[in-house]
Amino acid sequence: MSENSISEGLNIALPNGSLGEGTLRLFEEANLKIHKDPRRHDAHVDDPLISCVTFMRPQHIPKLVEKGTYDIGICGVDCVEESGAHVCQVAELAYGRGNSKGTARIALVASKKNPIEALENVEEGSVILSEYPNITKRAFRNTPVDVLFSYGGTEAHIPRDYLYGVCLTDTGASLEANGLKIIAELFKTCTMLIANMELHHTHYKLSTGEDEVYDGPKYTEITALKHLLTGTLEARERVFLVMNVSAARKDGLLRQLPALKTPTITSLSGGDYFSVGAAVTVSELNQLIPRLFEHGAEDLIQMPVSKVIKRW
């Protein structure tokens with residue numbers, strides 16, 4: 001374990017490239033603004049929870065977290081699977097490139113003109129250009145094929161240079177544009193917060209031969225960061241509505257309101273009116289607001305939500 005693992009704050013490895021901009025935005029929304037020189041890989045956060053931040057290619061993150069060079073990291077689950085790193089997957093983080101939620105597929109692809117429709121039907125000895133050679137080899141463990149590493153842009157080589165390729169796809173738009181189809185889905189991935197196993201939890205061998213798990217030395221800090229990040233991401237999907245309603249129409253209005261638990265209700269001066277507040281999802285907002293006014297809402301105010309933390 002490196003000296004960084006016993007520092008007071010967390011030593012974090014964060015992804016550059018396509019996830020970099022979204023990561024900076026997420027931490028800023030979580031009140032953990034990252035101060036970064038665009039020409040430097042190291043950065044810092046003015047918060048005691050985090051001692052050091054380093055940006056790097058996400059493929060390097062799982063192994064460095066595994067050996068304790070960094071306490072925690074953010075990368076795709078595909079990077080963890082491909083590297084074979086033994087790390088704790090703390091929480092899924094629903095963000096990715098642009099407006100993506102971070103979910104994607106590692107797929108075996110070929111030209112639409114290729115008659116093969118299943119992985120099992122790929123011919124023995126086929127050459128497969130793959131951005132994920134280890135995942136590909138595991139998928140073809142029962143079929144002898146030649147797997148070549150791809151540096152990216154695999155779609156450009158199929159089928160002119162190679163009949164088959166393995167690449168990452170989210171919407172499938174790039175595959176469609178290049179006349180390709182998915183033969184098989186090899187792995188589903190998403191953006192993940194990962195942690196060093198010993199820092200998150202520790203196993204002790206008991207005399208019975210069974211393992212007992214205890215919180216690791218940085219479990220509290222890792223859990224705090226998890227809730228700050230996941231709470232911020234969930235808040236993106238919600239707004240808080242506050243409105244007034246007469247006592248006579250209050251019950252009818254409340255039946256229209258979804259909420260995390262129950263709406264907040266406050267009696268106004270005189271007792272004839274109530275103030276009602278509830279967190280609602282953005283997706284239902286346009287249909288919900290007209291219904292609320294139909295059932296007695298007055299003076300409705302919509303406010304942003306910065307975090308949603310249901311439990312610690």
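**Pockets and a helix pair in a predicted model**

The largest pocket has a volume of about 1,000 Å³. A pocket here is an open set of points on a 1 Å grid over the protein atoms alone, with protein on both sides within 12 Å along at least five of seven lines. Grid points are joined across faces, edges and corners, and the volume is the space filled by probe spheres set on them; the probe is 1.4 Å.

Ground rules next. This is a predicted model, with local features needing pLDDT of at least 70 and side-chain atom pairs counting only at pLDDT 80 or more, while totals for chains, interfaces and linings use all residues. Residues are numbered from 1 along each chain as its sequence is written, and side-chain values use heavy atoms, leaving out hydrogens and water.

Back to that pocket. Its lining counts 39 residues, each with an atom within 4 Å of a point. Nearest the centre lie Ser18, Gln59, Asp78, Tyr132 and Leu168. Which elements give two or more residues to the lining? They are helix 3 (77-83), strand 10 (164-169) and helix 5 (173-177). Helix 3 has the largest share, four residues. Elements are DSSP runs numbered from the N terminus: helices are H or I, at least four residues, and strands are E, at least two. By class, the lining splits into 13 nonpolar, 19 polar and seven charged. Nonpolar means Ala, Val, Leu, Ile, Met, Phe, Trp, Tyr, Cys and Pro; charged means Asp, Glu, Lys and Arg; the others, Gly among them, are polar.

The second largest pocket holds about 280 Å³. It has 15 lining residues, with Arg25, Gly98, Asn99, Ser100 and Arg236 nearest its centre. Helix 1 gives the most, three residues. The classes are three nonpolar, six polar and six charged.

Now helix 1 itself. Helix 1 (residues 20-29) packs on helix 7 (residues 219-235) at about 100°, axes 9 Å apart. That makes the two roughly perpendicular, a label for 65 to 115 degrees. Axes are lines fitted to C-alpha atoms over the stretch in contact, and angles run from 0 to 180 degrees between N-to-C directions. Leu26, Phe27 and Glu29 meet Leu225, Leu229, Thr232 and Leu233, with contact meaning heavy atoms within 4.5 Å.

Last, the whole chain. It has nine helices and 18 strands. The radius of gyration, over C-alpha atoms, is 25 Å, well over the 20 Å that the globule rule gives for 312 residues, so the chain is more spread out than a compact globule. That rule is 2.2 Å times the number of residues to the power 0.38.

How values were computed. Parallel < 35°, antiparallel > 145°, perpendicular 65-115°, else oblique.
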